[in-house]
Amino acid sequence: MHIALPLAITATLLPTMALAQAAGEPHSFSVTGQVPGGCVLGAPSLAAGALVNFRGLNGTTLQIDQIVDTENLSTSPASAEISLDANCSFPHTLRVESQNNGLWRTSERTAAAPEGFADAIPYHAAVHWASENLTFSADARSRRVTDGTIFVNHTATGAVLIRLDVDAGATNARANAPLVAGVYGDTLRITLEPQQ
């Protein structure tokens with residue numbers, strides 16, 4: 001019986017030695033994974049030196065420093081350039097949407113401006129993304145949603161650059177019309193989405 005026990009152990013060790021020798025031989029196997037399509041749009045930041053008559057960027061809010069020219073009570077010029085880091089891993093569109101089609105009085109929504117006065121300020125934006133350009137105007141002729149779109153038929157990574165400009169004396173009444181007192185504002189929405 002003592003002789004049978006070492007044979008049993010030897011028989012058990014032989015397959016292990018054979019496996020150790022086979023482990024040194026190359027084997028190949030496939031590894032797969034799937035990347036879902038998606039777009040990422042980062043937080044806005046101001047471009048260096050591209051700020052005229054704006055206080056700066058507070059989160060996602062830009063505030064004009066002096067909206068009124070004290071000489072004629074009309075619109076003072078203002079401009080800012082904003083950058084947003086972006087990545088899109090499939091063909092997509094970039095949509096720029098103005099909620100109000102201009103800077104409108106936020107404190108008075110129903111009352112019309114008195115004769116000779118203006119109650120909205122037009123502005124325009126130049127947008128650059130993925131070697132494409134869009135000129136976008138919020139003309140303040142009527143309070144409504146207005147938008148513009150860039151179609152990109154490939155993946156893209158980089159920065160979305162937006163330059164906002166308010167012209168001197170620009171109003172919804174006439175050039176250099178005085179502005180009615182109040183708080184003026186608009187929401188400019190930037191969206192990256194799959195092409196439809």
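A search of the whole structure turns up one disulfide, a term used here for a pair of cysteine sulfur atoms within 2.5 Å. Before I go on: this is a predicted model, where local features need pLDDT of at least 70 and side-chain atom pairs count only at pLDDT 80 or more, while totals for chains, interfaces and linings use all residues. Residues are numbered from 1 along each chain as its sequence is written, and side-chain values use heavy atoms, with hydrogens and water left out.

Back to the disulfide. Cys 39 and Cys 88 form it, with their sulfur atoms 1.6 Å apart. The link of Cys 39 and Cys 88 is right-handed, with 95° about the S-S bond. This pair joins distant parts of the chain: Cys 39 lies in strand 1 (residues 39–52) and Cys 88 in strand 4 (residues 78–88), 49 residues apart. Helices (H or I, at least four residues) and strands (E, at least two) are DSSP runs, numbered from the N terminus.

Are the two cysteines buried or exposed? Cys 39 counts as partly exposed because its relative accessibility is 26%. Cys 88 counts as buried, since its value is 4%. The cut-offs are under 20% relative accessible area for buried, over 50% for exposed, and partly exposed in between, with a 1.4 Å probe and protein chains only.

Now the chain as a whole. Its secondary structure comes to one helix and 13 strands. Buried residues make up 33% of the 196 residues in the chain. Of the contacts (heavy atoms within 4.5 Å) with a separation of 6 or more, 79% are between residues 24 or more positions apart.

Last, the largest pocket, which holds about 810 Å³ of space. A pocket is an open set of points on a 1 Å grid over the protein atoms alone, where a 1.4 Å probe fits, with protein on both sides within 12 Å along at least five of seven lines; lining residues have an atom within 4 Å of a point. The volume is the space filled by probe spheres set on the points, which are joined across faces, edges and corners.

The largest pocket is lined by 29 residues, and the closest to its centre are Thr 60, Thr 61, Leu 62, Leu 164 and Asp 186. Elements giving two or more residues to this lining include strand 1, strand 4 and strand 11 (156–166). Which strand gives the most to the lining? Strand 3 does, with four residues.
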